[in-house]
Amino acid sequence: MIAQRIRTNRFSLRLRLLFILLLSAFVLMLIATFAIWAEHHRQSHKASQQEILSIGSLVQGSMSRAIRMQAYDVIEEIKAELQAHRRIQRVVRVSEAAVVIDAYHPQFIGALAQELFVGLNKEQLINTSQSGLLASEFVGAANKYIVYVPLVVPAVELGKPQRHVLLFEYEHRDDWQQALQHRWLELLLALGLLTTAGLLLWWYLQQKIASPIEHLLQAIEDFHLGKTLAITQAEPLSELGQLTSAINNMVARRQQDEMELLKLSAAIEQSQDGILITNKAGVIHYVNSALLSLSGYKPEELIGQNPRIFGTGKTPVTTFIDMWTTLNAGKAWSGEFINKNSSGIEYIERQTISPLRDPQGKITHFVGIKRDITEEKALAQRLHFLAYYDVLTHLPNRLALLEQIAVRQKHPTTQGLLMINIDRMKFINDARGYSYGNQVIQRFAERINALSPHFLAHLGADSFCILLTENDKIALNEQCQQTADKVLLASKQPLNVLDDALVVSCSLGISIANTLTVGDELLQRAETAMHIAKRQGGNNLAYYNDVDGKQALLMFQTEKALRLGLEHNELKLYLQSQLDEQGQLAGAEALVRWQHPSEGLISPGVFIPVAERSDLIIALDNWVLQQSCQVLASWQKQGKKLTLSVNISPRHVRHVDFVSDVTRLLDFYQLDATALVLEVTEGILVEDITASIAKMQTLAALGVQFAIDDFGTGYSSLSYIRNLPVQELKIDQSFIKGIPLHTNDVAMVNTIISVARQLGLRLVAEGVETAEQNAFCQREGLWAQGYFIDKPLPVVDWQQRWFNP
Ligand code: C2E
Ligand code: MG
Ligand code: MG
């Protein structure tokens, strides 16, 4: 098809070659013809001149002789002969002055030669006459020669020769036909040669140029139609061969590029991200299928459009300004848009737009890669919320507070932290359940949030923190105090929880940062202060001071060491005797000691309060309980009817496992439960009273006895005791100390004795240090325990003392 087109195309190489060859042949022919003509022209002039010369010489001699001999008839004859020549016209004899002396026509005699001869050269006439040499002159206009033949005539005067000149016209013949007639063979030969050479050249060019190019074109066209490229490379070194090889290389590279392109376009098409390409004016040229499913549009709805089609008008203008500034600077840009799909549903999209450049580096297109990050965003927001906010109150949490402290620390201000803890929250939870408790916390949070404009965080459970910032410490102190007052005052107003109007008090701790205090420290100090306020009975405010801080640190370290100590079996069980009213050994109290590897023996007065801050006390109590039960079991095996009193922390009583902890040991050691006395303090009356009483009753039903330890120091009224399943009251040693001298103590002890009697309770006096006190006990029918009898001893020593004296 291409070959066909080439043959019929007037611009085709074949036709051009033909045309050029024909033109060249024509020009060559013209040149040859002209050359032949010029040669002929030259030859014919030469022939004319030769003939003129020979005729002239002949006539000159004959005429000169005839004139000298005055043989006029001969002159006439010569003239006639000349005149008869087929090319000679007009023959005249003239004088030097060009006056006609003889003429072929009598009429011309005496006339002037110029009138007869067109183009006669008078000067030549004179020259010829003077030189005596034959001359001729060609008159092109008339295509003739004028021949000047000098004749010598007899002198009129002596010594001076006189000359005539014979003039005649010689017709010059020089025409085409004549030339061709003469040269037709040469011409034909030249034509033949030219044609052959032309044909050969044409054939050669056909073979070497036109045909290979046609093949090349055909192969390229076939390649375009999907066939494999088959170009035969005939002469590798020729320009065409090199062209072929260049095309082959180019095609191979193109095929490689196409493969790459194919892979790339497949990757783009199958990309999970939406991809779109626009021109520089923002007109969409390409969209991949992920983009179609992301946007919900069909390709024809997007191609030719502007990406504005996705816009909602909600993306900040600054985003677009930033985008165009970056893109116009030739850089890639990344950002987020609020866009909508074809159904108008909005989504958040992250887009990266990169400029595409042509080989000259000019930006021609933009490629946009889009991803719907709505869910990702929501998840991130949710995660952020979970990380930085409390789920219950939606207030910033501990982490957010610490960050806020860190941020504010960068500015030259002073920070103060007000920690708020709801009092008796556990009691509320236990009594009314967690969902009620949660509502209390929420209402409380709302209340304090409305109180001050400062940053409020919910640290979890019933703890809150207000972060205050002022320019100087005095203002900050004032601000803290005012805020604390507000909180304390506000907490006096009942909270509306469900249908209740509940009044909750709270304990407040304030810590003021110095320049080096970090967030954690500030928080810890506020917590320490809050705990101090709590220890003071709650509904109170305390400031952190360094002593408290050091104490808190010590407690923290002690707790850590005690945990390890418990694991490493560093606790020791000591026993202190109890004598009955007759002064007979009736039982003992188990008292724990901590044999610290480096600190030595540590008193329970130091570590029990630390253990009571957490469930560590439960582990500790259980250890003592287990050791005591073991001791009791061995006594019972030996038939000794002694009681063993074990101290139980109120926290342990409130713990869900309290009853099972005790019953398990009773079962394990097969104990007579009546010998086990569990000492509890009035602290159990502060929280979960009902549950605690129920647990005590369960154990009491098994025979376990209960004693109220340190009786008289607590704030419980005696009437409470009535409801408790207790068999024993241990009068606190502070009252015993005053016996017999301090009448108040004596009166107090007597009151306790009378109430106990009424309730049928056994009474034990603690801290009996003197004989009087001991005598008092025996007299009043009290059991006695104290240094007067013995100091607490390790179990083995105690047994040694009493059983094997
Ligand atoms: P507590 O239960 O009231 O124990 C009596 C405390 O008074 C014991 O102190 C005892 O050594 C001390 N004491 C006894 N007689 C006298 C005396 O004549 N004069 C003076 N000044 N003190 C006397 P200890 O052993 O240091 O225990 C202190 C407190 O630690 C106990 O008071 C008890 O509340 C607690 N505790 C001791 N062991 C345990 C235990 O195993 N579990 C629990 N939860 N608490 C324990
Ligand atoms: Mg005790
Ligand atoms: Mg006591």
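Is R424 buried, partly exposed or exposed? R424 is partly exposed, with a relative accessible area of 43%; buried means under 20% relative accessible area, exposed means over 50%, and partly exposed lies in between, as judged with a 1.4 Å probe on protein chains only.

The structure is a predicted model, in which local features need pLDDT of at least 70 and side-chain atom pairs count only at pLDDT 80 or more, while totals for chains, interfaces and linings use all residues. Residues are numbered from 1 along each chain as its sequence is written, chains are lettered from A and ligands numbered from 1 in the order in which they are written, and side-chain values use heavy atoms, with hydrogens and water left out.

**Backbone features**

R424 is found in the loop between β11 and α13 (425-432). Helices (H or I, at least four residues) and strands (E, at least two) are DSSP runs, numbered from the N terminus. The phi of R424 is positive, at about 55°, although R424 is not a glycine. D710, in strand β23 (residues 705-711), is likewise a residue other than glycine with a positive phi, near 50°. The two residues are set out below.

| Residue | Phi | Relative accessible area |
|---|---|---|
| R424 | about 55° | 43%, partly exposed |
| D710 | near 50° | 27%, partly exposed |

A further backbone feature is the cis peptide bond from I739 to P740, with omega near 5°. P740 is found in the loop between α24 (733-737) and α25 (743-759).

N421 is found in strand β11 (residues 414-422) and is buried, with a relative accessible area of 8%. Its side chain makes a polar contact of 3.1 Å with the side chain of D462, and another polar contact, of 2.3 Å, joins the side chains of N421 and K534. A polar contact is a pair of N or O atoms within 3.5 Å; within protein, one must be able to donate a hydrogen and the other to accept it, and residues adjacent in sequence count only if both atoms are side-chain atoms. Leaving aside residues up to four places away in sequence, N421 touches D462, S463, S505, C506, S507, M530 and K534, where contact means heavy atoms within 4.5 Å.

F464 lies in strand β13 (residues 463-470) and is buried, at 0% relative accessible area. The C-alpha atoms of F464 and N397 are separated by 8.9 Å, and these residues are 67 apart along the chain.

**Helix packing**

The axes of α13 and α14 come within 7 Å and cross at roughly 140°. Axes are lines fitted to C-alpha atoms, for helices over the stretch in contact, and angles run from 0 to 180 degrees between N-to-C directions. The helices α13 and α14 are therefore oblique to each other; angles under 35 degrees count as roughly parallel, over 145 as roughly antiparallel, 65 to 115 as roughly perpendicular and the rest as oblique. M425, I428, N429 and R432 of α13 make the contact with Y434, Y436, G437, V440 and I441 of α14.

Helix α14 (residues 434-451) also packs with helix α15 (residues 473-490), at an angle of about 140° and with axes 10 Å apart. The pair α14 and α15 is therefore oblique as well. In this contact, R447, I448 and L451 in α14 meet K486, V487 and A490 in α15.
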